[in-house]
Amino acid sequence: MDETSENYVADIHNAGYESEYTKTMLDHRRLITIAGRESESLNGKWFFHADPYDTCRRAKWFKEIRHDGNGAEQPVDWDFDAWERISVPDTWNIRERELFYFEGSGIYVRDFCYVPKETGERPFLCFEGASYETSVFLNGIFAGTHDGGSTPFTVDIGDLVKANRQNRLLVVVDARRSRFRIPMDNTDWFNYGGLYRGVYLIRTPKDYIKDWFLRLVPDGTFSKIRLDCGVSGRGKILLEIPELGVRQEAAIAADGSCVFSPGPGKLILWSPDNPKLYDVSLSFHSEGGGTDRVTDRVGFREIRAKGQHILLNGKKIFLKGISVHEDHYLLGKTTNPEIVRATIRDLKEMNGNYLRLAHYPHDRCFARIADEEGVLLWEEIPVYWAVAFHHQNTYRDAENQLCELILRDRNRASVIIWSVGNENADTKDRLVFMSNLVQKARTLDETRLVSAACLVNTTKLKIEDPLSAFLDVTGVNEYYGWYERDFGKLSAILANSDPEKPVIITEFGGGARSGQRGTADDLFSEDCQKALYQKQVEMFKQYPFIAGLSPWILYDFRCPRRFNRYQEGYNRKGLIDADRKTKKAAFYVMQAFYRER
Ligand code: GCU
């Protein structure tokens with residue numbers, strides 16, 4: 001290190017500066033349950049500046065040192081309170097024209113006053129999603145760094161926050177893509193940056209509920225409920241489900257679980273036709289005397305794979321779905337309940353019951369609303385395309401995002417499938433990497449199906465992937481009629497395949513600019529897209545091992561790899577235009593197909 005050289009200057013000779021900010025990682029081990037707690041929003045206007053060279057972290061601007069050791073004022077290069085202000089949550093790419101393609105670091109600064117409510121309480125900062133790497137500083141002190149652009153993280157600020165006075169919160173969000181991150185640096189979607197989901201403060205008692213998981217025991221009896229609960233401190237858990245007459249002091253077993261039965265015939269199972277949710281409350285009475293209480297609304301249902309079928313509550317179900325990105329032409333990657341409800345309305349107008357939330361964890365509100373609306377969900381981590389499967393840190397990043405997703409959503413009945421990736425080449429490193437992720441998912445959640453969107457074996461013209469042996473359901477992406485024009489190959493693939501497990505066609509489709517008319521052979525015309533969809537669904541009818549579909553994709557979405565005259569920076573495979581209003585002809589092909597199913 002050049003620190004020993006006699007002309008060393010910290011502000012310029014700081015090549016290895018990042019190592020300082022990876023000493024404290026805000027990963028799933030520090031994540032505490034947020035749902036059902038009172039929270040104080042820190043959303044709104046924050047001071048902001050783009051920081052292309054990451055100078056704030058290099059030169060430690062967050063310390064706000066304006067004077068030297070002798071008290072003389074120094075020339076500084078920052079002026080936080082004089083900067084423009086930007087909204088949180090939001091994506092800077094959309095809000096600031098000159099930042100449309102900016103993928104560096106952004107510095108967010110705001111003050112907040114912290115007034116303790118109870119003696120011994122523990123304050124936490126909660127971030128619902130920031131893309132991609134986020135370093136948090138409070139009152140000039142580094143609090144930790146989170147890796148991952150779509151999952152929540154929490155920061156215990158008990159030792160850093162100052163009571164009854166203004167606290168300076170500075171957050172650096174680095175949106176750079178990297179070969180060694182999840183996703184890696186080449187994807188087919190727009191890399192939005194920033195604090196694009198909510199930031200807020202929550203308080204817990206000194207001893208608190210860290211995480212919990214309440215679900216139907218998947219033993220085919222639909223009668224037993226299991227609670228797992230992780231706590232900080234020692235004490236007793238009281239579980240209450242009033243409508244089921246459950247008021248149960250749960251003696252948490254050594255493995256953190258307790259199983260009980262609400263009594264025969266009492267439980268109304270959750271399903272798309274009857275999305276029944278129960279009010280639940282969990283109270284943790286700690287030996288120290290405090291009580292931590294969280295509430296939620298939970299649906300109880302069982303999902304399982306049996307032979308080539310998927311069973312919901314013991315009955316075969318066909319997943320009538322479509323894929324969606326978290327991409328909005330006015331909001332970028334930021335979403336809200338109104339947008340989610342509009343998406344579900346469009347799905348139901350298509351006679352659908354299922355959505356593939358591609359290719360990363362969507363906002364927390366999506367699964368909560370899907371619970372209420374009776375929509376089944378596939379949720380996924382962005383182990384996408386040519387990930388650095390040989391790289392230890394890459395695996396750690398993937399596994400951490402998977403844990404954060406599952407810890408966030410495993411109490412959501414609508415979520416039936418965890419996906420560990422999309423379209424990855426079949427190599428030894430990939431098989432080890434993804435089978436380990438599958439194993440990790442099962443240790444956190446024994447109740448859901450685990451899958452991945454795989455590619456067909458184009459040499460054998462067959463649905464065959466070594467990863468399938470580890471999965472409950474095999475996702476298959478195929479673009480016959482588009483990237484590969486010869487439908488005969490699709491016909492051969494389906495005829496050659498007799499998979500042991502259910503298959504979901506997780507992607508098929510083609511591009512069309514809404515309003516572009518032509519023949520079935522005119523690429524990017526609605527007529528070409530419609531003809532392709534008609535041929536695809538016609539073929540699926542003959543194969544019972546196909547247990548569901550999620551064609552690519554519901555809405556056109558921004559993509560900086562798509563620049564022909566029809567695309568103009570958008571991937572146009574949507575069945576609805578990016579305006580989220582204009583439906584293309586192929587929409588009605590899926591609507592009719594799902595009506596018949
Ligand atoms: C792939 C990929 C999608 C992509 C799509 C396309 O299958 O999974 O993310 O957008 O194809 O080419 O449009």
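Q: Where does Phe 524 lie?
A: Phe 524 is in the loop between strand E27 (503-507) and helix H8 (526-540). Helices (H or I, at least four residues) and strands (E, at least two) are DSSP runs, numbered from the N terminus. This is a predicted model, in which local features need pLDDT of at least 70, side-chain atom pairs count only at pLDDT 80 or more, and totals for chains, interfaces and linings use all residues. Residues are numbered from 1 along each chain as its sequence is written, and side-chain values use heavy atoms, with hydrogens and water left out.

Q: Is Phe 524 buried or exposed?
A: Phe 524 is buried, at a relative accessible area of 12%. Buried means under 20% relative accessible area, exposed over 50%, and partly exposed in between (1.4 Å probe, protein chains only).

Q: And what is phi of Phe 524 near?
A: Phi of Phe 524 is near 70°, which is a positive value in a residue other than glycine. Asn 164 also has a positive phi, near 55°.

Q: Where does Asn 164 lie, then?
A: Asn 164 belongs to the loop between strand E8 (153-156) and E9. Asn 164 counts as exposed because its relative accessibility is 54%.

Q: Turning to peptide bonds, which residues does a cis peptide bond join at omega of about 5°?
A: That cis bond joins Ile 182 and Pro 183. Pro 183 is located in the loop between strand E9 (166-174) and strand E10 (199-204). The peptide bond from Ala 358 to His 359 is cis as well, with omega near -20°.

Q: Where does Ala 358 lie, and is Ala 358 buried or exposed?
A: The loop between strand E22 (354-357) and helix H4 (364-373) holds Ala 358. His 359 lies in the loop between E22 and H4 too. Ala 358 is buried, with 0% relative accessible area. From C-alpha to C-alpha, Ala 358 and Val 537 are 21 Å apart in space, and 179 residues separate them in sequence.

Q: Now the ligand: how many residues surround the ligand?
A: The ligand is surrounded by 14 residues, and the closest are Asp 188, Glu 423, Tyr 483, Glu 507 and Lys 573. A residue is near a molecule if one of its heavy atoms lies within 4 Å of it.

Q: What is the shell like by class?
A: The shell has 5 nonpolar, 4 polar and 5 charged residues. Ala, Val, Leu, Ile, Met, Phe, Trp, Tyr, Cys and Pro count as nonpolar, Asp, Glu, Lys and Arg as charged, and the others, Gly among them, as polar.

Q: Which polar side-chain atom lies 2.5 Å from an oxygen atom of the ligand?
A: That atom belongs to Glu 507. Tyr 384 has a polar side-chain atom 2.7 Å from a ligand oxygen, and Trp 552 has one at 3.1 Å from a ligand oxygen. The protein covers 97% of the 320 Å² of accessible area that the ligand has on its own. Accessible areas come from the Shrake-Rupley method with a 1.4 Å probe; for residues, only the protein chains shown count as cover.

Q: And overall, how many helices and strands does the protein have?
A: The protein has 9 helices and 30 strands. Of its 597 residues, 59% are buried. The C-alpha trace spans about 80 × 60 × 45 Å along its principal axes.

Key. A polar contact is a pair of N or O atoms within 3.5 Å; within protein, one must be able to donate a hydrogen and the other to accept it, and residues adjacent in sequence count only if both atoms are side-chain atoms.
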